[in-house]
Amino acid sequence: MSTFASPAARAGGRGARVSPLRKRADRIGDRALFGICALAALTAAATIVLVGYQIVDGASPAISEFGFSFVYETTWQPNFGVFGAGSVLFGTAVTSAFALLLGGPIAIAIGLFLTLLAPSGLRGIIGPLVELLAAIPSVILGFWGLLVLAPFVQSKLEPFLHSTLGFIPIFGAQETTGLSVFTASLILTIMVIPIIASISRDLFQSVPPELQDGASALGATRWEVVRGVVLPTTASGVVAACLLGLGRALGEAIAVSQVIGAGSEIQASLFRSGDTLASRIALQFPGALTELHKASLFYLGVMLLVIGLASNLIAQWIGRRFSYGGAVAK
Amino acid sequence: MSAGAVPDPAAPLTPSGNLRRRQLVSRGAEIAATAAAVAAIAVLAIVIYTVVSRGAKAIDLDFIFTGYPTGVGPMLLGTIVIALVATLMAMPLGVLIALFLTEYAGSRAAAPLRLTLDLLNGLPSIILGLFVFALLVNHKKQSGFAGAVALAIIELPLIARGSQEVLLLVPAALREASDALGVARWRSVLTVVLPTALGGIVTATVLAVARAAGETAPLILATPTFDPKTFSVNPFEALPNVPVWIYKLSEEGNPEGFTEAWGLSLLLIAFILFASLGARALLARSKRKLSS
């Protein structure tokens, strides 16, 4: 190809060079477009910083009043101006751990089903359907949990677990309403499943078929291929997916606040009411009485922000550091 | 199949002992994985069935077009306004960020920017509620605009990510052709690259709106109390909106309110499901078209 454009494109030949004016306009245009794009990128970064600043700033009265002991003190009495995050931290840990322990294996199994078992026609239907589960707004899932799931849990599931496994303290005495840590954990389970399932499906699809075929050729059963090849190659990515799911479970405020029953004590039984960091903010903020009460809720926000960012960062770090692409034999 | 009951010449090859155990384990794992998928679909079906069967009773024309107590019109209108304002802020910003990532950023600038977007995407929505409360509501007044800012932050990483994926699919040949004609970079970005990717960018935006429309946590801090009787489109006042109203009705525990909330849930979920399914289908098509 010649380096000269066609005569038609440079109509007029040598005479019709790009005018200096046009050249200058282009130089300005190039710089301007680069400038506003870079500005937009900076805005995104600034937003994160500003969010962090505003939350910490809002919490500062509570931070100076209670200091670090706020994090583990368990008394929360707005009327007496005494606040401590211990019980909601406990509630957050229990509900998120429960959701992850129950939802994680189910989600990974769904990922395996979608990559290895489902016929290709079905795969294109079930995959998006599982992701649709994530599209249901949390307020609707919580409303459903309140009117459909909680009565079921109260009348069927909890009595059954209590009578068969009641000797274990976590399946202890029941609440009369069905609004409990257990119900909230089930709702969170429903929320984390689509996240972990869709990420792990993508991971499993990236496992080279040669590795799996090699294992099969050596006589491995399907399960042994999964145990021996698919899961080990993707393990770090699956852990990262679970951490992202954890971030979702930690931060869910609305649906949890609708079904957890707003208790403020630490109780061993899953069947009693409780509260989490996020749901406490959602429940009490609109009716917060004093500035200290608001600041304490902001302090809960600071804790939530720190835990949420940490789980997210660790997930990103694992995802990059132990990228499944690198673990795979070239 | 033939191995068990029917005696056949291949008898020694029938799995027995250890192999039989291994195959049973494998079979068990397959059944468990299938059951997990069935369970997830069943939960989705039960939730949607409940919303549709209980919500359909509530919905008629009055329900959609009149205010409280006969209908939920103001809430619908308010949610549309909030989503619109949020998208007007998030879409240009998101597309520009995507352009920065694909056209300008070297790997040293792109990596931290991607991390920023991932972190924004992972922020709990209640945190964004606290943020807009501290920034825009505290010591001032509650407003739909504050809610829209929070929703814009939720939409931003989704739009940026989605647009970036589509921009990367714009064929290099188009850019090269434009370069070869001596067109300046900014002109080819604005007149060649963006128009080619426009379909994908719009669908990514629709997906983001579908995700943000149902967000409740930021709104109960930004605009928690409003008048459910009057229609309003002014985002600088408290705006009635769908998610907060559903939340409120669910907390009140009044059976008539529940029916209203189911109806509202049905409208919201129908919009979200149609928008996300439709956008997904369009996105898949435009990606296929671009990469072919």
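For the first entry I needed a cut-off: I took a residue as buried when its relative accessible area is under 20%. The model I examined is a predicted one.

**Entry 1: helix H9 of chain A.** I looked up how helix H9, residues 277-284 of chain A, is placed. Six of its eight residues are buried, so helix H9 of chain A is largely enclosed by the rest of the structure. I noted the buried residues by name: A:Leu277, A:Ala278, A:Ser279, A:Arg280, A:Ile281 and A:Ala282.

**Entry 2: extent of the interface.** I next turned to chain B against chain A. I found 73 residues of chain B in contact with 73 residues of chain A. The area buried between chain B and chain A is about 6700 Å², and carbon and sulfur atoms give 79% of that area. Of the area that chain B buries against chain A, B:Leu44, B:Leu119 and B:Leu130 supply 8%, more than any other three residues.

Entry 3: Which side chains meet in a salt bridge? I recorded B:Arg187 with A:Asp26, at 2.9 Å from N to O. The count between chain B and chain A is four salt bridges. I also noted 13 residue pairs in polar contact across this interface, both residues being at pLDDT 80 or more.

**Entry 4: the side of chain B.** I then asked what makes up the side of chain B that touches chain A. Helix H1 of chain B, residues 17-55, gives the most to that side, with 19 residues. By class, I listed 54 nonpolar, eleven polar and eight charged residues there.

Key: Residues numbered from 1 in each chain as written. Chains lettered and ligands numbered in written order. Predicted model: local features only at pLDDT ≥ 70, side-chain atom pairs only at ≥ 80, totals over all residues. Heavy atoms only, no water. Buried < 20%, exposed > 50% of the residue type's maximum accessible area, 1.4 Å probe, protein only. Helix = DSSP H or I, 4+ residues; strand = E, 2+ residues; numbered from the N terminus. Contact = heavy atoms within 4.5 Å. Buried area = accessible area lost by both parts, 1.4 Å probe. Polar contact = N/O pair within 3.5 Å; in protein donor to acceptor, adjacent residues only side chain to side chain. Nonpolar A, V, L, I, M, F, W, Y, C, P; charged D, E, K, R; others polar.
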